[in-house]
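Here are my notes for you to read beside the structure. Please go through the points in order.

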Amino acid sequence: MTNDKRAIFLDKDGTLIEDVPYNVDPDQMRLTVGVESLRQLHESGYLLIIISNQSGVARGYFPEAALEPVKQRSRELLAQFDIPLTDFYFCPHHPEGMVGKYAIDCHCRKPKPGLLLQAAHDYTIDLSQSWFIGDILNDVEAGRRAGCQTILLDNGNETEWIFSPDRIPHHVATDLSEAVDVIEGGRW
Ligand SMILES: [Mg+2]
Ligand SMILES: [Zn+2]
């Protein structure tokens with residue numbers, strides 16, 4: 001077995017970090033409730049990887065380089081709890097964007113699974129042994145299309161509830177702590 005690593009893929013806005021739309025100011029980044037419980041998943045051997053749509057780049061709200069401090073702050077916030085962040089993948093695109101090279105219908109913007117597939121390739125991750133935790137059904141769909149187990153944090157951020165077979169979460173949790181219980185409890 002070479003594909004033996006397991007990962008927890010985490011949406012950023014509204015899942016790991018309190019949602020502040022299009023924010024790239026590190027000083028405004030606050031962890032959500034229950035983040036410290038992710039340490040348990042690290043100790044169980046899971047890689048922790050952020051998977052984030054950042055269409056603010058395509059929309060011209062901020063340059064791609066503005067996401068570097070965001071990555072750095074994400075690492076620092078998690079490091080307070082001795083939780084290492086393995087990587088941070090983002091999609092800068094949007095088909096209706098204003099900034100030429102980013103204004104495309106890409107393969108990496110969730111609900112497409114491109115970023116998860118890229119991460120799985122980069123880190124030889126077994127997606128079937130991995131999980132995606134997010135706060136909207138587009139996260140669930142990206143996770144399912146990549147072949148992961150999925151958990152929806154039902155924290156009020158999903159408002160449209162457009163369902164299809166790929167958009168039904170395997171589990172629903174109220175916060176990250178409960179999501180960790182689901183994963184560690186092996187109740188799937
Ligand atoms: Mg989100
Ligand atoms: Zn993209």
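**Notes on the predicted model**

1. Cys106 and Cys108 are both buried, where buried means under 20% relative accessible area, exposed over 50% and partly exposed in between, with a 1.4 Å probe and protein chains only. This is a predicted model, in which local features need pLDDT of at least 70, side-chain atom pairs count only at pLDDT 80 or more, and totals for chains, interfaces and linings use all residues. Residues are numbered from 1 along each chain as its sequence is written, chains are lettered from A and ligands numbered from 1 in the order in which they are written, and side-chain values use heavy atoms, with hydrogens and water left out.

2. Which residues are the protein donors of the zinc ion (ligand 2)? They are Cys91 (SG), His93 (ND1), Cys106 (SG) and Cys108 (SG), at 2.1 to 2.3 Å from the ion. Donors are N, O and S atoms within 2.8 Å of the metal (3.2 Å for Na, K and Ca); water is not among the atoms, so sites may look incomplete. The spacing of the zinc donor residues in sequence is C-x1-H-x12-C-x1-C.

3. The arrangement around the zinc ion (ligand 2) is tetrahedral because its four donor atoms subtend angles of 103 to 117 degrees. Four donors count as tetrahedral if all angles lie between 85 and 135 degrees.

4. The magnesium ion (ligand 1) has Asp11 (OD), Asp13 (O) and Asp135 (OD) as protein donors, lying 2.1 to 2.2 Å away. Asp13 sits in the loop between E1 and helix H1 (38-43) and Asp135 in the loop between E4 and H4, so that this pair, 122 residues apart, links distant parts of the chain. Helices (H or I, at least four residues) and strands (E, at least two) are DSSP runs, numbered from the N terminus. Asp13 is partly exposed, because its relative accessible area is 21%, while Asp135 counts as buried at 4%.

5. Strand E4 (residues 131-134) is covered on both faces: Trp131 and Ile133 are buried on one side, Phe132 and Gly134 on the other. E4 runs parallel to strand E1 (residues 6-10), joined by three bridges, and parallel to strand E5 (residues 149-153), joined by four. Two strands pair if DSSP finds at least two bridges between them. Ile133 is the bridge partner of Leu10, and Ile151 in E5 is a bridge partner of Ile133. From E4 the chain passes through helix H4 (residues 137-146) to E5 in a right-handed β-α-β crossover; right-handed means that, with the strands pointing away from the viewer, the path from the first strand over the helix to the second runs clockwise.

6. Is Ser37 buried or exposed? Ser37 is buried, because its relative accessible area is 14%. Apart from its neighbours within four places in sequence, Ser37 is in contact (heavy atoms within 4.5 Å) with Leu176, Ser177 and Val180. Ser37 and Ser177 are 140 residues apart in sequence, yet 5.4 Å apart in space, C-alpha to C-alpha.

7. Please check the backbone at these places. Most residues other than glycine have a negative phi, and most peptide bonds are trans. Lys110 and Pro111 are joined by a cis peptide bond, with omega about 20 degrees. Asp82, in the loop between helix H2 (67-79) and E3, has a positive phi near 55 degrees. Thr124, in the loop between H3 and E4, has a positive phi of about 45 degrees.

Key. Tetrahedral: all angles 85-135°; square planar, octahedral: opposite > 155°, others 65-115°.
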